[in-house]
Structures are given as C-alpha cells and as structure tokens.
Amino acid sequence: MNKAVSDEILLQVDKPARYVGGEINMVKKNPSDVDIRFAFCFPDVYEVGMSHLGLQILYYFLNRREDTYCERAFAPWPDMEEKMRENGIELFSLESQQTLKNFDFVGFTLQYELCYTNVLNMLDMAGIHIKSKDRKEDEPLIICGGSCAYNAEPLADFVDIVYLGEGEVLYDELLDLYKEYKKAGKTKAEYLERLLDIDGIYIPKFYDVNYKPDGTIKSITPNHPKARKIIKKVIVNDMDSVFYPEKQLVPLIEVVHDRVTLELFRGCIRGCRFCQAGFIYRPVREKGYKTLLNQAENLVKNSGHEEISLISLATSDYTCFPQLANGLLDEYRDKNINISLPSLRIDSFSLDLMQKIQEVRKSSLTFAAEAGSQRLRDVINKNLTEENILSGCKLAFDGGWNKVKMYFMLGLPTETDEDLEAIADLCDKIVEKYFEIPKEQRPRPVTVNASASCFVPKPFTPFQWDKQDTYESFGRKGALVKNRIKRKQVRFTYHNTMMSSLEGVMARGDRKVGNAVLRAWEMGCRFDSWTEMFDFEKWKKAFEDTGLSMEFYANRERSYDEILPWDHISVGVSKRFLAEERERAYKAQTTPNCRQECQNCGAKAFGGGVCYDK
Amino acid sequence: MTNDNVRYRFKFSKGDNVKFIGHLDLVVAFQRALKRAEIPIAYSNGFNPHQLVAFALPLSLGYTSTGEYGDFQLPYEADACEMKQKINAVLPDGMYISELVKLRSGVKNTMASVCAASYSIFFDYDITPNDIEVNLEKYLGQESIFVMKKTKNNTKETDIRPDIISAENDSVNNNGIIKVLVNAGSIKNLKPDLVAESFCGYINKEYNKYKVSYRRNDMFMKDAEGQLISLIDGVGEY
C-alpha cells in the first residue's frame with residue numbers, strides 16, 4: 001500500500017511507525033467497496049490513543065458492518081505536523097493512508113479537556129473547515145463522544161453531532177439512516193434534522209444560548225420544533241450480550257498500555273462526590289465472569305499479549321471478583337501471562353491474590369485516599385478510613401511489600417490547612433507503620449510516593465457549583481504539604497497547577513469558551529496536556545483577546561438557580577440529587593453506596609443495572 | 001538453568017511495511033507472534049521470565065532486509081516446517097520466515113556467529129549507475145577511507161577501508177545501487193551508510209541521508225575453512 005508520507009519525511013521524524021499503520025488485527029477493506037467511511041480520531045499522540053479501550057471496542061464494532069470502513073487517525077506530533085504542512089500533506093487515516101477530508105464521518109473521542117486544540121488542529125490539517133457553519137456539503141460530518149462530550153459546549157461551534165452515551169447503542173441506527181439519506185440524495189442538513197428524533201444525540205446548532213449582561217446564561221432554547229428540551233444519554237443494559245471485540249489492535253511499537261483489557265463493569269456504586277465518572281456512567285452494570293473468561297481467552301489468543309488488565313472504576317466492587325480472579329489464575333498462571341489489577345481495594349483477600357499473581361516481584365500498592373483527614377474524606381464521600389489505609393499497609397508490609405503509592409487532591413471544597421497537614425502526617429504514619437515490623441524482617445527500605453492532583457470541579461457532580469482554587473493557591477498548598485513531611489522516605493509531588501486551572505475552565509466552559517480555544521489554537525497551542533508543550537501565557541492571551549475571563553469559569557461559585565451550560569443534557573442523575581449531595585458534603589455527611597441503599601439519584605430510569613439488583 | 005531445550009534457527013525478511021519498527025519493538029512483535037502461533041516457547045527462569053528468543057545483529061531503523069536471523073528454544077521438539085507455517089500466518093505484514101531449522105548441538109548463537117553482512121545501497125537520482133561504474137573501483141583502491149564515526153560520547157575519525165570486504169556495482173536501469181560486503185558483528189562492525197557517505201564524498205556529490213535507502217541482503221559466519229557462509233548454512237540437524 002502507498003504511504004501518505006514519503007520515507008524521506010518519515011526518516012526525519014520521531015517514531016515514524018506512528019504514521020504507517022499495519023498493526024496486528026488492523027482491518028483491511030477497500031474504501032471504494034463501502035458506503036460509509038468513518039475516521040475514528042483520538043486527539044492525542046498515537047501511543048496514548050492506541051491504549052484507549054473505547055477505540056478498540058468501537059473500531060471493531062463499526063467495522064463489523066460490511067457497509068462501513070472505520071479507520072484511525074491520531075494527532076501528529078509537532079515534528080510531523082511541521083513536515084506535513086511544509087509538504088502539503090493532509091491528515092490521513094492509518095488504514096488507507098488517505099485524507100480525512102473525503103470521509104463521511106470524522107469522530108473524536110474526548111477523554112480530557114486539554115485535547116481541544118488538537119481537535120481543531122486535526123480538522124485543519126485534514127483540510128476540513130473548523131467551524132460547522134463553514135463546512136460544505138462534501139465535507140465530513142464531525143461527531144464527538146466520550147466523557148467530555150457531556151459538556152461539549154466549548155466545542156459546540158466546531159462539531160455537528162455530540163453523542164451522549166455508550167457507542168454500542170446508537171451507531172447502527174445513525175449509520176443506517178446516513179446510508180439511506182445519502183442514497184436518496186438528501187443533504188447533511190436534512191440528515192441532522194432527522195437525528196433530532198433520536199434521544200442521546202445532541203446537535204448544538206439546533207439550540208440557541210443567550211447570555212445575561214454578567215456573562216451567565218439567560219436561556220438555552222431549541223430553535224427547531226423537533227429539538228428536545230433535554231437530551232438524555234443512552235446506555236447498554238445487558239453487558240453480557242453487548243458487542244465486545246474478539247481481537248485487539250496490537251501496535252508494533254511500544255504504547256502506554258500493551259495488554260489485553262477486560263472491562264468488568266461500567267459505572268460505579270461509590271458516589272465519591274468529586275468524581276465525574278462516578279455520576280455520568282451510572283448505573284453500575286456488570287459483565288458475568290464467564291463472559292469475561294471467554295473474552296480473555298479470545299483476546300489472549302489473538303493478540304499475543306502477556307498481560308491481562310482488569311478495567312473498571314473500582315475492581316473490588318465487582319461482585320464475582322473471587323471467581324473471576326481464580327478463573328484467570330487457573331488458566332494463565334502457568335502460561336507466562338501476568339494479571340494486573342488496578343483500582344483494587346487493599347484487604348486480606350486482595351493481598352492474598354496479589355501474592356499469588358506476583359509470586360516474587362512486588363509491585364507497589366496504591367491507595368487513593370484523596371484527602372488527608374477523615375473530615376475531608378467524609379466531605380467527598382470517599383469511603384476509606386485512616387484505619388483502612390494503615391491496616392492495609394501493615395498487611396502489605398507483612399507480606400513483603402515495601403512501596404506504597406498515595407493519591408491525594410489539593411483544593412477540595414471546605415479544605416483547610418489542617419486537612420493539608422493531615423496529608424503529610426498520613427504519609428509519615430505509613431512509614432512509621434513499616435518500622436513497626438521487626439528490623440530483621442525488613443531487608444529493603446520503604447518508600448511512599450505521594451502525589452496530589454489539583455481538584456477540578458466537573459459538570460454532573462455535586463461540586464459542579466463550587467469555585468475552583470486559583471493556581472496560586474494550589475501552589476501554596478502543594479508547598480505546604482511538601483514542607484510538612486518529616487520522613488525522608490516520603491516523596492511528594494503535585495500536578496501542574498496552571499494546567500489544572502485551564503482544565504477547570506474548559507470543564508465547565510460554555511460556548512463562548514470555544515472562541516478562546518480557537519484563538520489559542522491560532523496562536524500555536526497544541527498538546528496542552530503535555531508539560532513540554534503547555535503554554536499558559538498563550539492561553540491567558542487567548543482569553544484576553546476574546547474578552548473572556550478564566551476566573552469567571554474556574555474560580556466562581558454558581559448559585560443553584562443559575563442556568564449551567566450543560567443543563568439541557570441529562571446523564572440520568574438529577575440536579576436535585578446533586579444539590580442534596582452537595583449539602584451533605586458541606587455537613588461532612590456520607591452517603592451509602594448503591595448496593596447499601598438506593599438514594600434515588602435518577603439513574604433507575606434507565607431500567608437496568610444495580611438499581612434493579614435484589 | 002538446565003538446558004534440555006531444543007534450539008531452532010530461523011531466517012526472515014523485514015519488508016518495506018515494517019522497516020520503521022526498531023529492534024526492540026521487533027523483538028516484542030516477534031514474541032507476540034510466537035504466542036499467537038501457540039509455539040510452546042521456553043522461558044528463562046528468574047524474577048522476570050522472558051521468552052528464550054535471540055536475534056542476530058540489530059537492523060537500523062528504516063532498513064529493509066532479506067537476511068535476518070534469530071534463534072529460539074522449545075522445551076521439547078516440534079516440527080520445524082509446521083512451526084514456520086504457523087508463525088508466518090500471524091507475523092505482521094512485511095515479515096516472513098523463509099527458513100526454520102532445528103539446530104545441531106554445539107552451534108554458537110547468531111549474535112556470536114555473525115562476522116559479515118551484505119547490504120545494498122540504493123542511491124537517489126543524484127548518483128547515477130555511471131558514477132558507480134567509473135568510480136567504485138578507484139574508491140576501493142584507496143589505502144584508507146577516513147570518515148567521522150559517531151561513538152557514545154563524540155565523533156572521531158576512523159578508517160573504514162579495512163572493514164569493507166568487497167563492493168560491486170549492482171545498478172539496475174537508471175538506479176544507482178552498490179552492493180557491499182562489510183565486517184559485521186560484535187567485534188568489528190561497519191554500517192553501510194558510512195560507505196555511502198564516503199563514496200559520495202569521494203566523487204564530490206552530496207550525500208542526502210534521507211534519500212538513500214538500504215537493504216541488508218544477508219549475514220554471514222565463517223565455516224571451518226574460514227569461508228563466509230550464511231548463518232543458516234549447515235547448522236541444521238535433519
């Protein structure tokens with residue numbers, strides 16, 4: 001097959017294999033034999049995008065249709081972008097190596113807010129008009145999905161279709177309709193109007209947003225008779241019968257995650273109040289462990305990977321976890337295949353399991369404590385006590401582990417300096433716990449790696465009305481914790497404060513923020529989640545140039561009666577429930593999880609999952 | 001480690017599709033292919049068991065090859081021909097095993113055996129078949145050929161003439177091609193780009209390193225008489 005880029009150029013860029021495709025299990029079709037060409041775009045570099053489970057699922061889901069060819073594109077690294085622009089090469093798909101401009105759909109998965117400039121850049125590099133209203137009839141429809149799609153307002157001027165929910169539900173219907181409309185010679189505008197009949201599909205251009213003089217939203221009104229007032233996400237109810245690929249794309253260069261991925265369940269019962277995923281993916285829907293064991297067998301056989309990773313928001317909450325873990329161990333422990341268990345709650349069962357899995361090598365243990373003090377953990381409804389953490393560490397230390405990873409957040413609502421000091425003290429206590437073991441039983445030194453992220457209030461969480469700390473405040477708090485730590489065995493780092501600030505702006509941004517994104521892109525912003533690429537000065541300038549204030553979006557508390565930019569979107573969880581949760585948070589009251597006691601959050605309306613478990 | 005393992009050697013090609021896969025990634029890709037082919041590969045003991053597969057001299061990024069070699073071990077004997085078919089069915093497009101043999105006992109591993117390699121240098125249009133025809137012999141006739149060779153920390157002037165065993169004009173139509181046999185391996189190793197660059201310099205033409213392409217044709221070891229033979233010649237047990 002002809003490559004879109006000559007060898008002469010490929011030899012001059014870093015990791016040329018990012019751009020040539022040809023991976024194991026890549027789908028090959030003749031583009032002229034299909035009715036629909038779909039470009040699945042991940043707006044980050046190849047190695048990141050190829051590690052994303054959603055891509056693996058949707059790639060094969062769409063390609064199982066004979067009439068559709070789903071191909072992939074990633075954001076070219078700046079060295080490649082420069083060469084492509086210099087040589088007039090448009091952004092192309094890895095499969096056919098053809099420009100995205102001639103595709104029917106260009107779809108972006110939005111996994112984090114700081115990829116938005118890459119979305120614009122990829123459109124521009126493909127020779128596609130950036131703004132929806134400028135695109136011609138022969139240009140692709142731009143569709144986006146993923147967790148950031150639940151508030152895609154900053155991208156409202158650029159995308160045609162926002163898909164709210166899980167891809168397996170509506171794509172067949174969308175593509176069938178598209179084919180029908182294309183064959184009948186109808187226009188894109190007619191197709192978009194037809195999509196208004198489908199819940200879960202949000203078409204920004206059919207909604208007008210008006211603002212008050214103070215910049216807050218006055219109204220969000222449908223401007224088409226068929227446009228619904230509220231668009232509700234769609235989800236899969238039966239996880240055992242839903243499509244899951246029997247193979248995975250296996251890259252030929254090292255990517256972030258090289259492994260077989262098993263998805264245990266979607267959603268989370270916990271309801272940690274800071275966690276967007278915990279609300280937008282409700283309710284919990286599990287796969288049966290037999291289904292998972294079958295999927296593991298296929299994927300291992302067809303990939304050749306030597307690691308199986310269990311993915312979910314909280315592995316220990318999987319109801320058949322012992323059966324699954326033992327099933328995997330029985331099958332794979334003698335076949336040189338490792339099993340990795342992220343997001344595991346540390347108790348005696350899981351430690352015993354980890355002992356079995358990792359025989360000799362001891363990886364580090366991870367605790368997502370999120371806050372240092374019990375009071376603040378109650379505020380965020382993080383159901384983990386200091387006693388849990390310390391006894392977990394003790395068990396692990398007795399079992400031979402000597403490395404502990406701790407995750408915290410800075411700037412949580414109601415946080416005081418005492419809460420921050422508690423972070424440092426908790427880390428010190430873990431080290432002291434290690435020294436309780438008799439000296440002869442601890443041959444290796446203990447290390448505690450603590451890292452803190454900066455809290456970003458997200459839409460559809462109880463803290464969606466709260467103000468975010470300024471980056472200056474994050475900096476002070478990070479330093480406070482660092483200075484408080486006494487033990488030299490504790491290493492403390494915290495996330496880029498300015499990046500977190502920008503993330504805060506984007507997460508709760510409205511349509512006006514799109515102007516700043518466009519301006520920032522024009523000034524050269526790309527790969528904003530990459531420290532070496534992030535340029536906060538340019539972003540400040542972009543907001544200034546477009547007459548917007550970052551503080552307005554990030555650092556301002558909203559009142560309950562303010563219209564939020566995402567108020568016309570429903571994830572099932574009611575605004576009333578979120579407000580109640582916020583009130584409980586401020587009183588440091590915890591809320592039982594979904595299996596303990598239903599709180600009537602609203603997710604029951606989907607008709608499935610944990611809401612209906614006996 | 002006790003070694004009752006059965007050893008196999010395979011010769012494979014690396015085509016245009018996979019020439020941007022670096023050596024370490026290639027090793028991993030191969031290991032995964034062996035898994036997919038369900039070859040009962042032996043693993044090392046120790047803290048971090050790995051497949052017992054080893055490759056001869058790494059190939060530079062961007063080079064194609066028709067003569068790459070590797071050895072692997074199995075805990076018991078399996079049919080070589082059948083394994084070759086199974087592996088070929090699951091290798092990435094552009095990689096192909098042409099030969100696979102069970103090794104006689106006592107054969108040294110590929111990396112320890114290799115002492116020479118043949119490369120084809122495909123020039124861009126600036127270097128014509130005529131340039132090669134007229135100048136190659138004179139170029140080789142020089143007593144020494146000094147080039148700047150990169151080492152770990154700096155570049156130093158090195159004479160590469162002793163490492164060029166032979167070279168010939170292998171041009172096809174209008175495409176200037178030099179086929180060169182050079183010392184290769186862990187003791188003495190010459191990369192063909194230094195030959196290409198110094199040849200261009202010798203005839204006062206510009207060497208454009210991104211426009212010249214390279215193919216490794218084969219790798220060689222010495223037989224009992226000191227003759228160069230392919231790494232897979234005479235090593236098999238039938």
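Predicted model: local features only at pLDDT ≥ 70, side-chain atom pairs only at ≥ 80, totals over all residues.
B:Asp71 counts as buried because 22 other C-beta atoms lie within 10 Å, the cut-off for a buried residue being 20 or more. Apart from neighbours within four places in sequence, the contacts of B:Asp71 are B:Arg7, B:Tyr8, B:Arg9, B:Ala54, B:Asn109 and B:Thr110. B:Lys11 stands 60 residues from B:Asp71 along the chain, yet the C-alpha atoms of the two are separated by 9.1 Å.

Strand E1 of chain B covers residues 6-14 and pairs with E3(B) in the antiparallel sense, over eight bridges. In this pairing B:Phe10 has B:Gly70 of E3(B) as its bridge partner. E1(B) is also joined to strand E4 (residues 95-102) of chain B, again antiparallel, by seven bridges. Here B:Lys11 is set opposite B:Glu99 of E4(B). E1(B) is mostly covered, with seven of its nine residues buried.

On the scale of the whole chain, the domain assignment divides chain B into domain 1 (6-111) and domain 2 (116-222). Their C-alpha centres are 28 Å apart. Between the two domains, 11 residues of domain 1 of chain B are in contact with 11 residues of domain 2 of chain B.

The nonpolar interior comes next. In soluble globular proteins, nonpolar side chains tend to be buried together. The largest nonpolar core of this model has 235 residues, and those with the most contacts inside it are A:Cys144, A:Cys427 and B:Ile121. Helix H14 (residues 417-435) of chain A gives the most to this core, with nine residues. From chain B, the core draws at least three residues from each of domain 1 (6-111) and domain 2 (116-222). Among the contacts of A:Cys144 beyond four places in sequence are A:Gly107, A:Phe108, A:Leu110, A:Ala149, A:Val159 and A:Tyr163.

Why is helix H5 (residues 116-125) of chain A described as largely enclosed by the rest of the structure? Nine of its 10 residues are buried, so the helix is largely enclosed. The buried residues of H5(A) include A:Tyr116, A:Asn118, A:Leu120, A:Asn121 and A:Met125. Just after H5(A), A:Gly127 takes a positive phi of about 75 degrees.

A residue from another helix of chain A gives a contrasting case. A:Arg576 lies in helix H20 (residues 575-586) of chain A. A:Arg576 is exposed because 12 other C-beta atoms lie within 10 Å, and a residue with 12 or fewer is classed as exposed. A:Gly602 is 26 residues from A:Arg576 in sequence, and the two are 9.4 Å apart in space, C-alpha to C-alpha.

Note on methods:
Residues numbered from 1 in each chain as written. Chains lettered and ligands numbered in written order. Domains from an automatic or database assignment. Contact = placed C-beta atoms within 7 Å. Core = buried A, V, L, I, M, F, W, Y, C linked by C-beta atoms within 7 Å. Helix = DSSP H or I, 4+ residues; strand = E, 2+ residues; numbered from the N terminus. Pairing = 2+ DSSP bridges.
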